[in-house]
Amino acid sequence: MSDGDALLRAVIAAPDEDTPRLVYADWLDEQNQSMRAAVIRDQIEAELAESFSLHARTAADRANARLLQYGDQWTSHLPSEVEAVFLRGFVGHLDLHPSDFVRHVTELFAAEPVQSLRFLRFLPEQLDRVFTAPQLQQIRRLAFAPMSRLTPEEFTLLSSCTQLSGLRDLSLPENPVPPQWLSGVLEGSTFPELAGLNLANNPHLGPSLAAALPRANHRDIRELDVGNVLFTSQQLRDVLQSRCLRRVERLHLTNLAASRNAGPLAFLDLGWAIPWQQLVLLDLANQRVGDEGVRELVRLQETAKLRWLGLSQNALSKEAVRLLVETRHLRLNHLDLKGNGFGGWEHATLQSRFPDAVIEV
């Protein structure tokens, strides 16, 4: 076994650790593969930097430029049917069809430190063989593409898959998630390490989430996407005040884009309803909270940890811009104000207040 093979095996054996990756980068430099080494260092640097910061974006841009030029060469050892994504310098995520996973699973997991999968399912391919693969033990993030059409039996297979006991993030956007199944997962012991849940574009799940999350006190949810899930104001309040969300860091509360009515959050006190303690990202697109919602948001010192704020289509006026500019404690790295009728003056004014941020108007 060559030194390079041994070092790669060390990376695959400890996929959560950065040190083996950086040691491999040093070895690559010695082999005159400085571009490949730079991607490892740049992606790790971006991961460790403050969320959404200029520092993080610059490091990620450097890595992406090199991947655009050399990525196909660095993934030539993988099956052509698989779409690979580099994470922290190595292929860490795969987009693929269930049949391709079953066919290539052994070689894929032997070649790269894969911890994330997204299944693409345009035909009714069977998933039963997927859920028996022992390699799933190292998967931390599992996603199903929108409209994957999982059957009730396949949802049962998913939640009973013992190989997924280490799963931390489950993404089921725009899939017909059975409410009773979801309640059983949240309230039970399935996926004990689950910290991220994406249920966007499942409008029917509002009542079951409002009932289940307050009973999921054993959970520690750090990221929740319930964009375009239909809630009443009381249901959304019950969700947001659930103990399992007390340390949430990323919260996506987009209201149905097709709705011209105020979202349920517009009728709640933002300061009291939202769990601010650890919140880094908050997306309130189309909630129609108005200038008063922004006033409440900037009044709270608890919003100081926010780095990404989404207020697109919220019926805001220049008063909201003034409030954002005059607040002293906000340190935003990304601000989305699209769909509020703002233009160049508002962009320039906000950019002067948050000089390193991405401002969208």
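Reader: Which residue is the bridge partner of His-93 in β3?

Author: In β3, His-93 has Ser-116 as its bridge partner. This is a predicted model, in which local features need pLDDT of at least 70 and side-chain atom pairs count only at pLDDT 80 or more, while totals for chains, interfaces and linings use all residues. Residues are numbered from 1 along each chain as its sequence is written, and side-chain values use heavy atoms, with hydrogens and water left out.

Reader: In which sense do strand β2 and strand β3 pair?

Author: Two strands pair if DSSP finds at least two bridges between them. Strands (E, at least two residues) and helices (H or I, at least four residues) are DSSP runs, numbered from the N terminus. Here β2 (residues 90-96) and β3 (residues 116-119) are parallel, with 4 bridges. By contrast, β1 and β2 run antiparallel and are joined by 5 bridges; Leu-87 has Phe-90 in β2 as its bridge partner.

Reader: How many residues lie between β1 and β2 in their hairpin?

Author: The hairpin has 2 residues between the strands, and Arg-88 in the turn has a positive phi of about 50 degrees.

Reader: In what order do the strands of the open sheet lie?

Author: In a regular strand the side chains alternate between the two faces of the sheet. The open sheet here has 12 strands in the order β1-β2-β3-β4-β5-β6-β7-β8-β9-β10-β11-β12, with mixed pairing. Its edge strands, β1 (83-87) and β12 (358-360), each pair on one side only. From one strand to the next, the twist averages 10 degrees.

Reader: At what angle do helix α3 and helix α4 pack?

Author: Two packed helices are described by the angle between their axes and the distance between the axes. Axes are lines fitted to C-alpha atoms, for helices over the stretch in contact, and angles run from 0 to 180 degrees between N-to-C directions. For α3 (residues 34-48) and α4 (residues 54-74) the angle is about 145 degrees, and the axes are 8 Å apart. Their crossing is left-handed, a term for a near helix turned anticlockwise from the far one by less than a right angle. Contact means heavy atoms within 4.5 Å; among the residues that meet are Met-35 and Val-39 in α3 and Leu-67 and Trp-74 in α4. The contact residues divide into 11 nonpolar, 2 polar and 5 charged. In this scheme Ala, Val, Leu, Ile, Met, Phe, Trp, Tyr, Cys and Pro count as nonpolar, Asp, Glu, Lys and Arg as charged, and the others, Gly among them, as polar.

Reader: What volume has the largest pocket?

Author: On a 1 Å grid over the protein atoms alone, a pocket is an open set of points with protein on both sides within 12 Å along at least five of seven lines, a cavity is a set where a 1.4 Å probe fits but cannot get out, and lining residues have an atom within 4 Å of a point. Grid points are joined across faces, edges and corners, and a volume is the space filled by probe spheres set on the points. The largest pocket has about 1,500 Å³. It is lined by 34 residues, with Glu-47, Leu-87, Arg-88, Arg-141 and Arg-250 closest to its centre. The lining comprises 12 nonpolar, 8 polar and 14 charged residues.

Reader: How many cavities of 30 Å³ or more does the search find?

Author: The search of the whole structure finds 1. The volume of the largest cavity is about 60 Å³, and its lining includes Val-226, Phe-231 and Gln-287. That lining has 7 nonpolar, 3 polar and no charged residues.
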